[in-house]
Amino acid sequence: MNRKALSLSLIALMALLALFPLGIAQADEDCEFADYTITLGGLAPMSAPGAVAGGVAMDWAFAQAAADINAACGVEIDGAHYQLEVITGDSEGSPERGQAVAERLILEDEVDGMVGVYHSAVGLATMGVMEENGIPTIFSEPWNDNVSANGIREFDGAAPRFDDGIDHIFRISPTSSMVGSVVTDWLIALGVQDVILIVENTDYGQPAAADEQARLEAAGVTVSQIDIELGTEDFVPILSRIQARAMPPDAIRIVVTGETSFNLTQQMAELGIAPTPETICVTNQIAFQHVQYWATVPDGNYCAFNRVGIIPSLFNELAVELNTGYEEAFGDIVPSFGMASYDAVWMMKDAMERAGSYSDAAAIVAAIEASDITLTQGRYYFDYGAHNPDLPEGTPAYMWHQWPDPIVTVMQYFEQGQSSLEAAVVYPEVYQTHGSAYIAPGTSP
Amino acid sequence: MAFDLNLTTLWLLFAGPLWAAVGLLLLPRAGSSKSADEAIPATRLQIAGVISGFALGPLGISLFYIAPALIRRATLAAGIVLAVFLASQALVRVTDPQLPSVLWLLLAGPLWAGIAAYFIPRQYRAVEANDDNVLTAAALGGFAIGPLIFGLMWKHSPKISRDWMIAFGSLGAWQIYTLFAIHNPSNPCVAAPFHITYLTQQTANGVVIGTIYSLMAVGLTLIYSVQGIVSFAHGQLYMVGGYFSFYFLLFGSDALSRATGVEISINPILGIPVAGVIVFIIGAVFERVFLKPMHDGLIERVSEYAILITFGFGFFIEYTTLAIAGPFPQRTDRFIEIRRFTFPRTQITDDFFFGPINIIGDRAFAMVIGIVLIFALLYFLQRTWTGRGLRATSQDRQAAAVTGINPTNMNTLSFGMGSMLAAMSGAALIPIFAWVPWVGAEMVGRSYVIVVLGGLGSVPGALVGGIIVGIVEALGAGCHPDPSRGAAYKEAFALVIFALVLLLKPTGLFGREQH
């Protein structure tokens, strides 16, 4: 490349760069922003072995929330308007990597709060980092009970995570126990006697399966568990083992996330193991992403799945708007972790405004505890925290700093290629859309 | 049954003796590398090897291997005490009426394997007999028939053909199966009358998926045999092959549908050659631009360069694909509309039946594609001038050049073809698995195992290695005593076979010695 061409290219590049901030300023020309930009760290799995599809959805939701907040003149504290930015850190779904990224976000990027996290293992590993550094945090997807329970009780031999009177960790996703109880209650209500749990070998899968197994066995159901590693593609040998049983199981429950669950469900269907008239197929919540589901599980009709988050028919205006944006970007329905990630950023903004500070962690935590805001998933509030530290007897420890109202339902497809918007909600009864607790293969509701 | 087949017992009876044999073989080598002043008597090293291997496994062997000077009487004495203690624990645990068979199969078998593997090859060399395959045959024979192996192999030192190894291997496998049956009577792999059907089902599962594994591994071995490098981009080329097929089918079907006004769906089989051709070009261009300088002597540290450049190429492909295709899983239509082939249940006698055997339709089809492609490759390599040129280059580059073969072109061809085979296996599997940009990671790890197992550079070795890995994984997952853990350990079973082959036949099943 000659000197002239190089100079021209440089000039063009600089002109392009100069236009960039201009564009942003123009978009927000009605708002007078302060010099400081409030930053939040967003932890999400953006590369394998994490659930990348989930991470991409969360990253999109963070960016969408920040854009919507900035378009509404940012975060207003004491009359000043601050722009808000979410810096996404790639946890890769790994606890070690998650910890390193959380430290980098806190120490190098100096974020004012943290949101996100998909994998329970990452949540459990990073909560100590946030606590140590006094960073208010709202987790939007990890399910492991101990993520919130560890605020008030010992966990794996470690003392409760806060010793200065302030627990910085909150969660707005359901706990494994909340999800498990709905699925197991449904199976028990259907009268199953013999269930196989196929479980991923992770900090999400194992405790969730243990919880479901305990509930089912307490109801007299025989439970067998099969562990698998995430990323496995071929399940035929182990599925052949299920086929070799003298009697087929009444239900197979898949406690496996991501594309691994798609491969498993499809192979199960191809081999004629489930769904069948004898065996109920209960797959992972990601089946709600119907475009992905039908692309990869073409034989998965009549599989049921647990759905976390508000059901489409109950979407409020904000949720509809978010869903429209998501459909434009990805051609699918916004997943619950996308909605929760969007809401987490808004909740942080709301708490900072009410606390009157973006840096006073104690004030922000107190403000989050006192949250009462309706966003895409409904009304957010926290029953238990420093504002109400005494959990009544019988209340699970995981209710500490836990949003109590995530909606968990069991849904079921009953037509090939069906949109999840049209799939039947079969349980709990109060949300049933087709008047049936289960749609047997080959039938219609 | 009082016998408790838990991890500790397995260690004491199975892994302990096996590591003792490894220690016996390895530790004398550590001593031989020392100067005369530091030399430690070989006998002491052998004893230390057996004791440390039995008592502490790889930890003890590594410790003495790195620092043989640690072998002092006190250390040995402590080791002996520990070994005796562990052995007595083993005896205490085994209070089963089947004690003799258990002791033989788990304790004496591996021990005799180690002893035979150590002494018999030396005898062959002492009488100046051909010692090819003797180590493997002696170890397998020692495991299968114990001291009788000395009667068979010591005195006459017969030439060891592959038949010997197959016979000893089969006998050893039968003994392991017997032991397994004693302790897991309700396991579907041994519980009559269904076990034959079940074993056939799992073997069929293994052969089907193993053939598909082979196709990918063949490409890797082709590149290695000609260029002497391992392509760390192979998994990503496999992945991108699937995506090329996917997009060809997507856009091709769309274009045809619009042109004809009728909805047309192109069969995924047509995506296979398309993906192969595109990736062949990508691979060939990459070789010309980035690997040729290495062969031209322009790169100083060739091995490191080859690793880094192919690794980087793989990263580039993966993240570019992620940026273009996104992280959401994809899959093409089926090859055939038959969901599964079923061999029906057949009553052979009043007490015995066979079947049903189920094979997923698309997998069976992909297996056929794999076999056709591998045999086409073998035909190309054996019967065409260019193929012979590739083989000649893999054997001796300079001699090949003298005969008029251009080694530079052969390098490009081998990398292009290796990449093409990876891509074609990807295109053959995208109708079967959910496809994401990181889908190659699991598959490529298995391919490395297969090519080393089959013998680096051997195409038939890759085929056989792939099928062995497929069968071992299927039987391992299907027969594991604890059904809840079988699937989680699936890949580990292949690695055990891999480790055993490396120990007994470091060149792999079909590999040739490097001179």
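The model is predicted. Chain A has 13 helices and 15 strands. Its domain assignment gives two parts, domain 1 and domain 2.

**Overall shape of chain A**
- Along the principal axes, the C-alpha atoms of chain A fill a box of roughly 75 × 65 × 40 Å.
- Of the 445 residues in chain A, 57% are buried.
- Among contacts in chain A with a separation of 6 or more, 70% join residues 24 or more positions apart.

**Domains of chain A**
- Domain 1 takes residues 31–174 + 317–399, and domain 2 takes 176–308 + 414–431.
- Their C-alpha centres lie 29 Å apart.
- Contact between them involves 18 residues of domain 1 and 21 residues of domain 2.
- On the domain 1 side, helix 4 (residues 120–132) of chain A gives the most, with three residues.
- That side of domain 1 has eleven nonpolar, five polar and two charged residues.

**Contact between chains A and B**
- Chain A gives 32 residues to the contact and chain B gives 33.
- On the chain B side, the elements with two or more residues are helix 9 (195–227), strand 4 (357–360), helix 17 (440–454), helix 18 (459–479) and helix 19 (483–486).
- Helix 9 of chain B supplies the largest share of that side, five residues.
- By class, the chain B side holds 18 nonpolar, eight polar and seven charged residues.

Key. Residues numbered from 1 in each chain as written. Chains lettered and ligands numbered in written order. Predicted model: local features only at pLDDT ≥ 70, side-chain atom pairs only at ≥ 80, totals over all residues. Contact = placed C-beta atoms within 7 Å. Helix = DSSP H or I, 4+ residues; strand = E, 2+ residues; numbered from the N terminus. Nonpolar A, V, L, I, M, F, W, Y, C, P; charged D, E, K, R; others polar. Buried ≥ 20, exposed ≤ 12 C-beta atoms within 10 Å, placed from the backbone. Domains from an automatic or database assignment.
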